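Let's take a walk through this model together, from the overall layout down to a few backbone details. Keep the viewer open as you read.

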Amino acid sequence: MLKLIQNEWMKLWSKKATWIMATLLIVILLANAGITKWIESTSPAPEIGWQEMEEMNLMSAQDQLQNPDIGPAQQDYYEGQAAIAEYRLANDAEPFKVESLQQQVLDGHMMLSLVTLFTVIVGAGIVASEFSQGTIKMLLTRPVKRWKILTSKYITTMLFALLFAVITFASIALFSWIFFGIGDGAFLVWNGSEVVEGSYWAEALKLSVLSLASTWMIGTFAFMLGTVFRSSSLAIGVSIFLMFVGVQLVFLLQRFEIVKYYLFTHTDLTQFYTGFMPIPDITMAMSLIVLTVYFLVFMVISYWTFAKRDVTA
Amino acid sequence: MSNEKIVEIRKLSKTIGKKQIIKNLNLDLHKGEITGFLGPNGAGKTTTIRMMVGLMKPTHGDILIGGKSIRTDFEGSIEKVGVIVENPEMYKFMSGYKNLVHFARMHKGVTKARIDEVIQQVGMQNRIKEKVGSYSLGMRQRLGLAQALLNNPEFLILDEPTNGLDPAGIREFRMYLRKVARENDVAIFVSSHLLSEIELLCDRIAIIQNGELIDIKNVNEHQQSRYYIEAKPSEQAKQVLEEIGFTVHPHENGYLIDTEAEHIPGAIKLLTAAGVDLYAVQPHRTTLEDQFLEMTGGGEIAQAHTK
């Protein structure tokens with residue numbers, strides 16, 4: 001299996017497109033940091049200090065807590081936010097500025113949708129391209145069972161996603177260190193009973209692992225489409241379309257019970273820690289179960305079609 | 001030639017939709033022997049070959065390679081098989097060498113030394129580091145052969161291997177296959193619709209039509225000896241030949257007689273003595289093409305199955 005993955009990895013990085021994607025990712029992140037820096041340097045200094053900002057945060061968190069519609073995860077979140085804001089004001093503990101390495105790293109998980117995009121391209125093409133190049137005949141007439149070949153391709157796609165996620169974080173850390181440097185401030189967390197200082201690296205890691213669930217699901221979906229339809233353009237098109245429209249559909253389906261079993265209600269696992277939940281009464285456990293079921297369905301369809309298919313092209 | 005059985009095709013059938021493409025096909029292949037697989041377009045050559053290499057699944061029947069079933073022990077049966085299915089499609093964005101490394105990793109025990117050996121065998125050492133995209137068709141065929149030989153196969157399957165090669169390339173390819181069959185005692189199964197090609201290359205020919213194996217014959221099997229005689233006036237010549245006791249069949253501008261070589265000088269003397277002018281006396285060989293057309297009903301193309 002290791003040799004098969006090695007093969008897939010070698011093929012992947014022998015393609016120019018892969019190097020272009022890696023370059024593009026880094027360039028976009030560089031531009032992002034550059035633009036943030038430029039906006040900071042051209043806009044006038046803020047009129048209000050961080051204390052006023054924290055007071056506003058406190059008020060809005062308290063407002064949210066009065067809202068009867070919020071779910072348990074949101075309840076915890078806003079309680080934490082209120083407690084942290086009170087603590088900051090009471091102890092003169094300044095938060096990170098947006099233009100600091102720390103805050104950029106904390107927000108880095110939002111950039112992982114780029115990784116999803118590239119993973120969709122790779123996942124959609126990794127099986128489909130073998131068919132379009134005609135190399136599938138060479139690949140399947142070896143003493144290796146088809147499910148092993150498909151597994152090596154799936155693992156390679158996921159390794160690619162991981163590598164790109166690492167590149168994303170390394171680039172964000174590097175570029176924000178160059179442009180903004182390490183700022184003042186403390187990272188605070190609410191552990192349920194008191195506010196303590198936490199590690200922003202650990203928090204960033206947690207949020208990005210949760211964000212990668214969406215990369216994983218959409219990547220798997222694209223992989224399935226590419227395997228079933230043997231057309232990477234179709235698989236890329238449909239996956240990217242769903243990536244954008246799928247989330248919007250959550251709002252349309254909001255009133256119906258079925259929304260709780262809908263994939264895109266659950267793909268963003270960071271929602272349990274950022275307070276923004278379109279469907280407030282779902283839980284992390286429920287999301288993980290729904291995602292697992294979808295994953296299994298995607299996998300069964302991919303393996304079944306790949307193993308059974310007569311190769312005629 | 002050891003004549004050991006290496007491949008056994010047993011009651012092989014394939015049905016796609018409602019159409020039976022391969023009907024109850026039985027065939028054995030032996031070590032050291034080159035078997036040609038001949039048939040009109042759409043007869044089921046490619047389908048049969050794809051089933052033999054695991055690209056398609058048989059509806060009924062089985063294929064045993066080295067005694068192992070392709071249905072129940074795919075990895076075991078295909079272990080010692082080398083395959084070239086039509087034009088060998090390689091990864092164009094990688095070098096020839098990387099392509100070979102890629103395929104070598106999918107077999108057990110193919111070493112780096114073996115890769116180099118195969119490259120030497122097909123004479124590609126000078127360009128093996130270049131991208132496959134820059135290769136000519138002939139080069140790609142050679143690389144295709146190289147990848148098929150990596151695992152020291154006991155059985156080579158080639159589907160239309162000379163498609164698109166120039167005459168020199170075809171000749172080179174043919175010599176090479178013969179060498180491999182003889183020296184390594186490999187069984188080779190070659191499909192083609194080029195009769196002359198098969199005739200030159202193969203020891204044995206299996207003919208398929210409409211999914212059925214209609215004949216298996218050895219190429220150099222002793223043919224009935226026939227002579228073609230052209231003489232004038234032809235009526236008189238016919239009379240003389242019939243008097244001697246030959247069976248006479250009209251053919252082109254003369255006659256064909258079934259006889260052995262030793263009777264020819266006597267017949268010529270009698271014809272000359274009877275005052276007949278001889279224009280031609282020559283052995284008449286039916287070519288494979290004649291036989292093939294005869295058997296498959298004038299080369300009528302079987303209802304084309306979609307490829």
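What percentage of the 313 residues of chain A count as buried? The figure is 49%. Keep in mind that this is a predicted model, so what follows is a reading of computed coordinates. Chain A is built from 13 helices and 2 strands, and its C-alpha atoms fill a box of roughly 70 × 45 × 30 Å along the principal axes.

With a relative accessible area of 28%, A:E40 is partly exposed. Now jump 258 residues along the chain to A:F298: the C-alpha atoms of A:E40 and A:F298 are separated by 45 Å. Compare that with A:Y294, in helix α13 of chain A. A:Y294 and A:M217 are 77 residues apart in sequence, yet their C-alpha atoms are 8.1 Å apart in space. A:Y294 counts as partly exposed because its relative accessibility is 26%.

Next, the helix packing. Two packed helices are described by the angle between their axes and the distance between the axes. Take α8 of chain A (residues 146–179) as the reference: α6 (residues 112–133) of chain A packs on α8(A) at an angle of about 155°, with the axes 9 Å apart. That angle is why α6(A) counts as roughly antiparallel to α8(A), and the crossing of the two is right-handed. Helix α1(A) meets α8(A) in another way: their axes come within 9 Å and cross at roughly 55°, so α1(A) and α8(A) are oblique to each other. The crossing of α1(A) and α8(A) is right-handed.

Now look at the surface for a nonpolar patch. A:M1, A:W147, A:I155, A:L159 and A:L162 form one, with about 440 Å² of accessible area together. A:M1 lies in the segment before α1 (2–14) of chain A. Its relative accessibility is 41%, so A:M1 counts as partly exposed.

On to the charged side chains. Side chains of opposite charge can pair when their charged atoms come close. Over all chains, the structure holds 20 salt bridges. Some of them join up: A:E8, A:K11, A:E130 and A:K153 are linked in a network of salt bridges.

Elsewhere in chain A, A:K260 pairs with A:D281, and the closest N and O atoms are 3.5 Å apart. This pair links distant parts of the chain, 21 residues apart: A:K260 is in the loop between α10 (232–253) and α11 (263–266), and A:D281 is in the loop between α12 (271–274) and α13 (284–308) of chain A. A:D281 counts as partly exposed because its relative accessibility is 47%.

Chain B has salt bridges of its own to look at. B:E4 forms one with B:K31, the closest N and O atoms being 4.0 Å apart. B:E4 lies in the segment before β1 (5–16) of chain B and B:K31 in the loop between β2 (19–30) and β3 (34–38) of chain B, so the bridge ties together parts that are 27 residues apart in sequence. Are the two partners buried or exposed? B:E4, at 44% relative accessibility, counts as partly exposed, while B:K31, at 14%, counts as buried.

The side chains of B:K108 and B:E79 also meet in a salt bridge, 3.8 Å from N to O. Here B:K108 lies in the loop between α3 (96–104) and α4 (112–121) of chain B and B:E79 in the loop between α2 (74–78) and β6 (81–85) of chain B, so parts 29 residues apart in sequence are tied together. B:K108 counts as exposed at 65% relative accessibility, whereas B:E79 counts as buried at 17%.

Finally, the backbone. Most residues other than glycine have a negative phi, and most peptide bonds are trans. A:R230 sits in the loop between α9 (200–229) and α10 of chain A and, at 36% relative accessibility, counts as partly exposed. In chain B, B:K11 has a positive phi of about 50°. B:K11 belongs to strand β1 of chain B and counts as exposed, at 56% relative accessibility. As for the peptide bonds, a cis one joins B:K232 and B:P233, with omega about -5°. B:P233 is in the loop between β11 (226–232) and α8 (234–244) of chain B.

Methods: Residues numbered from 1 in each chain as written. Chains lettered and ligands numbered in written order. Predicted model: local features only at pLDDT ≥ 70, side-chain atom pairs only at ≥ 80, totals over all residues. Heavy atoms only, no water. Patch = residues over 30% accessible without salt bridge, like charges linked within 9 Å, V, L, I, M, F, W, Y side chains within 5 Å. Areas by Shrake-Rupley, 256 points an atom, 1.4 Å probe, with all protein chains shown as cover. Helix = DSSP H or I, 4+ residues; strand = E, 2+ residues; numbered from the N terminus. Buried < 20%, exposed > 50% of the residue type's maximum accessible area, 1.4 Å probe, protein only. Axes fitted to C-alpha atoms, helices over the stretch in contact; angles between N-to-C directions. Parallel < 35°, antiparallel > 145°, perpendicular 65-115°, else oblique. Left-handed = near helix turned anticlockwise from the far one by under 90°.
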